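Biologist: I would like to learn how to read a protein model step by step. Could we go through one together?

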Amino acid sequence: SFENEGEPGRVVRHRGWGSNITDLQVLPGKGIIGSCAKNKAPIWIENTENRKTVLFSENEGMDEFKSRLAVPLIMNNQLLGVIACVSKKPAGLTQGHLNRLSMIASCAASFLSAARIKQQWDYAKNLDPITDVPNHRFLADYRRAIETEILNHRKPLFSLMVHIKNLPMVYEMYGVDMGDKLLRQIVSILSHSLPSPKHTFKYSDAAFLVLLMEVSRDEARHIENRLRLVFENPVYVDGKSVFIAAEIGLSSYPEDGKNLGEIIGVAWTRTSQHVKVTT
C-alpha cells in the first residue's frame with residue numbers, strides 16, 4: 001500500500017510466499033511492483049523464461065516464480081496500492097487472471113478509499129479544537145492500535161507529561177483568547193524542543209502527553225531537564241510575557257509499566273506537586 005503517491009510503500013499482507021516480507025519497503029519504479037505503481041498500469045509476465053525479473057528489488061531470491069502479475073489500486077487517479085500474484089508454473093497466470101484481478105482491484109480501491117475517508121473523519125473529530133493535536137478520547141479509543149505500533153518492537157519508550165498548573169489563572173487574568181494562544185504556543189514549544197519520532201496528545205484541559213521514541217534513557221532525562229529550564233522562563237504570547245507553572249513527569253517502558261496506560265499513569269503521578277505559581 002502507498003500512503004502518499006510517489007513515496008515508498010510497504011507490504012500490508014501476503015500469503016503463500018514462503019517468507020515474511022511485511023517489512024519490505026516498496027519503491028516506485030523498482031521491480032514489477034514498483035513499476036506497476038509508478039506507471040499506474042498492470043504488468044503481466046506470463047513466463048519469465050531465463051530473464052532476470054524482480055518483484056521488489058535485486059537479490060530477493062524469488063526466481064522460482066515463473067509467472068507474475070501486478071495490478072494497481074487506483075481511485076480518482078490516486079494510487080492506493082498494488083495487488084500482486086505469482087505462480088511457480090510458466091503460464092500459471094493468464095489473461096483471465098489479469099481480467100479477474102483487475103475487477104478485484106477496482107472494488108478494493110473503492111472500499112479502501114472509503115475506509116481511509118472514514119479514518120480521516122474519525123481522526124479529525126478527535127482533534128483538540130484549540131491546539132489541533134489528538135485529544136484524550138483519541139488516545140482512549142485507539143490505545144490498542146497505538147500500543148501495537150509503538151510497543152510491538154519492544155524498544156524503549158518514554159512517556160513525558162507536561163501539566164500547566166496555573167492555566168485557569170492565566171485564562172482568568174488574560175482572557176480566553178490569550179489562554180488559547182498560550183496553549184498553541186506550548187504545543188509549538190513541545191514540537192520544536194522534543195526530538196522526532198514522537199506522538200503528542202492533549203491529555204486534559206491543562207496537560208499534554210508526549211510519547212518519545214528512539215531515545216536513550218540519558219537522552220530522555222536530558223530532554224526532561226531541558227524542558228524544565230525552558231518553562232522556567234516566561235512564554236511570550238502576542239508580545240506579552242506569561243509565566244506558567246509547568247509540572248513535568250517522565251516514565252519509561254518497560255521499566256515503569258507493561259502497557260501504555262501504566263506508563264502514562266506513572267508519568268502523571270511523577271509530575272511535581274509543589275510547583276510555585278508565579279503571576
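This is a predicted model: local features need pLDDT of at least 70, side-chain atom pairs count only at pLDDT 80 or more; totals for chains, interfaces and linings use all residues.

Biologist: In what order do the four strands of the open sheet lie?

Modeller: Helices (H or I, at least four residues) and strands (E, at least two) are DSSP runs, numbered from the N terminus, and two strands pair if DSSP finds at least two bridges between them. Here the order is 7-8-6-11, with antiparallel pairing. Strand 7 (198-204) and strand 11 (246-253) each have a single partner strand, so one side of each is left without a neighbour in the sheet. Neighbouring strands of this sheet are turned by 20° against each other on average, direction ignored; such angles run from 0 to 180 degrees between N-to-C directions, with axes being lines fitted to C-alpha atoms, for helices over the stretch in contact.

Biologist: How many bridges join strand 6 to strand 8?

Modeller: Seven bridges join these two antiparallel strands, and Leu 157 stands opposite Met 213 in strand 8. On pairing with strand 11, strand 6 forms eight bridges, again in the antiparallel sense, and there Met 161 has Gly 249 as its bridge partner. Strand 7 is joined to strand 8 (residues 207-213) by six bridges, with Ser 204 partnered by Ala 207.

Biologist: Which strands does helix 6 touch as it packs on the sheet?

Modeller: Contact means heavy atoms within 4.5 Å. Helix 6 (residues 176-193) touches strand 6 (157-164), strand 7 and strand 8, and its direction makes about 15° with that of strand 8. Helix 8 (residues 260-269) lies across strand 6, strand 7, strand 8 and strand 11, running at about 45° to strand 6.

Biologist: Are the residues of strand 6 mostly covered or uncovered?

Modeller: A residue is buried under 20% relative accessible area, exposed over 50%, and partly exposed in between (1.4 Å probe, protein chains only). In strand 6, eight of its eight residues are buried, with Leu 157, Ser 159, Met 161 and His 163 on one side and Phe 158, Leu 160, Val 162 and Ile 164 on the other.

Biologist: Which residues have the most contacts inside the largest nonpolar core?

Modeller: In soluble globular proteins, nonpolar side chains tend to be buried together. A nonpolar core is a set of buried Ala, Val, Leu, Ile, Met, Phe, Trp, Tyr and Cys residues joined through side-chain atoms within 4.5 Å. The largest one has 31 residues, and those with the most contacts inside it are Leu 182 and Phe 231. Its largest share, seven residues, comes from helix 6. Leaving aside neighbours within four places in sequence, Phe 231 is in contact with residues including Val 162, Ile 186 and Ile 248. A second, separate core of 19 residues includes Ile 33, Ile 43, Phe 56 and Val 82.

Biologist: Why does Asp 238 count as exposed?

Modeller: Asp 238 counts as exposed because its relative accessibility is 54%. Asp 238 lies in the loop between strand 9 and strand 10 (240-242), and its side chain makes a polar contact with the side chain of Lys 181 (2.7 Å). A polar contact is a pair of N or O atoms within 3.5 Å; within protein, one must be able to donate a hydrogen and the other to accept it, and residues adjacent in sequence count only if both atoms are side-chain atoms.

Notes
Residues are numbered from 1 along each chain as its sequence is written. Side-chain values use heavy atoms; hydrogens and water are left out.
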